[in-house]
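Keep the structure open beside them and take the points in order.

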Amino acid sequence: MPDKTINGVTVSTDDDGFLQDHSPWNKDMAATIAEEEGITLTDAHWKVLDYILADFAEKGAVPGMRRLNKVGGIPTKELYSLFPGGPIKKAAKIAGLPKPASCV
Amino acid sequence: MKNLLILGAGTAGTIMANHLRKKMNRSEWKITIVDKEGDHYYQPGFLFMPFRIYSEADVVKPKRKFVGGGVDYLEADVDRIEADANQVHLKNGNTLAYDVLIVATGTTPVPEETEGMTGPDWRKRVHEFYTFEGAKALANTLDDWQGGRLVMHICEMPIKCPVAPLEFVFLADSWLRERGLRDKTELVYATPLSGAFTKPVASKILSGLLEEKQIEVVNDFNISHVDNEDHKIVSWDEREVPYDLLVTVPTNMGDPMIERSGLGDELNFVPTDKHTLQSKAHENIFVIGDATDAPTSKAGSVAHFEAEVLTENILAFTQGKPLPEKFDGHANCFIESGNEKAFLLDFNYELEPVPGKFPVPGIGPMSLLGESKLNHMGKMAFRWIYWNVLLPGHPIPMVGHRMTLSGKKLPEGVKAPQPLV
């Protein structure tokens, strides 16, 4: 697995740049990962990231678009404007969480 | 007399009824199972119906036949659970009181959740194979298939049997070849995930498969709506995938009764302790199978392993003891890959599918994450095992509810999970 240095901290990532271990993650690291994705984090981004982090801690899985929408109160269109391309995937990456996956 | 009530006589509910009737003291406990529908479907068989490998008669039998003596079987529609009063209201106006409740109400595809999905193309050019009616309708459509763009599509996760859409495209590929229609058919796989395979080890091993079979993958595709007029699906970021035949997996949701009872999450799945299978909100409610929000596959093998755990926990709970058993998320699934071959997966909450031999370590005879005719024979033999061993609640030799690391080859970088204590 490739190692990567983010803000002077060496972390282990998967082939797509998702952190293998969440423990070294912090808010500054999130900002750096976001910059690499072409995103400057604002309060609106943090609302999404905080929700995803809290949900992951409780459920052990990255929440889907519907959950962000219905429970987190974040409309799908807004998610796409905050994290263009693949919102859930990008937000999970910035939050230092695993890539959303199926069982195989 | 105390009441143990099971809602749902599908795979999970039926196995639970059969386990508990043998183990509970029936002079103290009355066991009742409630289901609104009389037919039990062998759901893994739905995958084979569109290709006419299985007929309707292969996959359906009466539910009552599989619930043994000592259990009251009640055919009724549940209106809602009133958890604070320990009772269940039926749609016919009757009320059932319970001391312990098992929710085994499963999950159902809900095509209405996606705009346009049940429009004019529904059951004509837009199909699904996760219901008996859907699988039958798709078989009829495929009978007339002469070529074009066949799109396999998943609306959103989680879905029942996450490997089935992959199996469908693999089977479609070999079915089309046999009929001389492969050259006239574009096969497309559209998924909201980042790829058809997303777990790293399986992804590395199986990634060539789609290319080999010339199946185009469209990833990160989150559907916004179905355009029935131009026959295309459109994503939230305005990408378009045209189809001549769309085989979709609609949004999967738990029973609407769960929502009416105020017990569900945003998809009507019940928040459940993933290890003990106890409801997070009520200690005398337990949840099993597809009805839970446990982060493992919604699949029969999972329900079967969960049933072994839940039986021990319910027996302890009824005796006022702490819950002794823990579920590790174990799932064991065959993946049909076409041409009468299949793969086998064995994994749990902590460990992704890895290569190895199963069930006898080092010997097999089945290969994990390896393609073989024997795995395919295992899958086809499973229908008999399902009806005759699994549903009656008999143990399957050598396959326990706890996943074992024996026989597995952990690739470099994959950490062995800590055993559950």
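Which residue lies over the face of Trp387(B), and at what distance from the ring centre?

1. **Charges over rings.** The residue is Lys61(B), at 5.1 Å from the ring centre of Trp387(B). In chain A, the charged end of Lys27(A) sits over the ring of Trp46(A), 4.3 Å from its centre. A charge counts as sitting over a ring if NZ of Lys or CZ of Arg is within 6 Å of the ring centre and within 35 degrees of the ring normal.

2. **How to read these notes.** This is a predicted model, in which local features need pLDDT of at least 70 and side-chain atom pairs count only at pLDDT 80 or more, while totals for chains, interfaces and linings use all residues. Residues are numbered from 1 along each chain as its sequence is written, chains are lettered from A and ligands numbered from 1 in the order in which they are written, and side-chain values use heavy atoms, with hydrogens and water left out.

3. Strand β2 (residues 29–35) of chain B is largely enclosed by the rest of the structure, because 6 of its 7 residues are buried. Buried means under 20% relative accessible area, exposed over 50%, and partly exposed in between (1.4 Å probe, protein chains only). Helices (H or I, at least four residues) and strands (E, at least two) are DSSP runs, numbered from the N terminus.

4. **The partners of β2.** Strand β1 (residues 2–7) of chain B runs parallel to β2(B), joined by 6 bridges, and Lys2(B) stands opposite Trp29(B). Strand β5 (residues 72–75) of chain B also pairs with β2(B) in the parallel sense, over 4 bridges; here Asp35(B) stands opposite Glu75(B). Strands pair if DSSP finds at least two bridges between them.

5. **A hairpin to look at.** In strand β15 (residues 223–227) of chain B, 4 of the 5 residues are buried. β15(B) pairs with strand β16 (residues 232–235) of chain B in the antiparallel sense over 4 bridges, with Asp227(B) opposite Lys232(B). The hairpin has 4 residues between its strands, and His231(B) takes a positive phi near 50 degrees.

6. **Backbone exceptions.** Most residues other than glycine have a negative phi, and most peptide bonds are trans. Cys161(B), though not a glycine, has a positive phi of about 45 degrees; this residue lies in the loop between β12 and α4 of chain B. Pro158(B) is in the loop between β12 and α4 (164–178) of chain B, and the peptide bond from Met157(B) to Pro158(B) is cis, with omega near 0 degrees. A cis peptide bond also joins Gly364(B) and Pro365(B), with omega about 10 degrees; Pro365(B) is found in strand β24 (residues 364–368) of chain B.

7. Look for Gly147(B) in the loop between α3 (132–143) and β12 (148–154) of chain B. At 25% relative accessibility, Gly147(B) counts as partly exposed. Neighbours within four places in sequence aside, Gly147(B) is in contact (heavy atoms within 4.5 Å) with Leu181(B), Lys184(B) and Thr185(B). Gly147(B) and Thr185(B) are 38 residues apart in sequence, yet 4.6 Å apart in space, C-alpha to C-alpha.

8. **Two domains.** Chain B is assigned domain 1 (2–108 + 253–318) and domain 2 (109–252), with bounds from an automatic or database domain assignment. The C-alpha centres of domain 1 and domain 2 of chain B lie 30 Å apart. Across the boundary, 20 residues of domain 1 of chain B are in contact with 29 residues of domain 2 of chain B.
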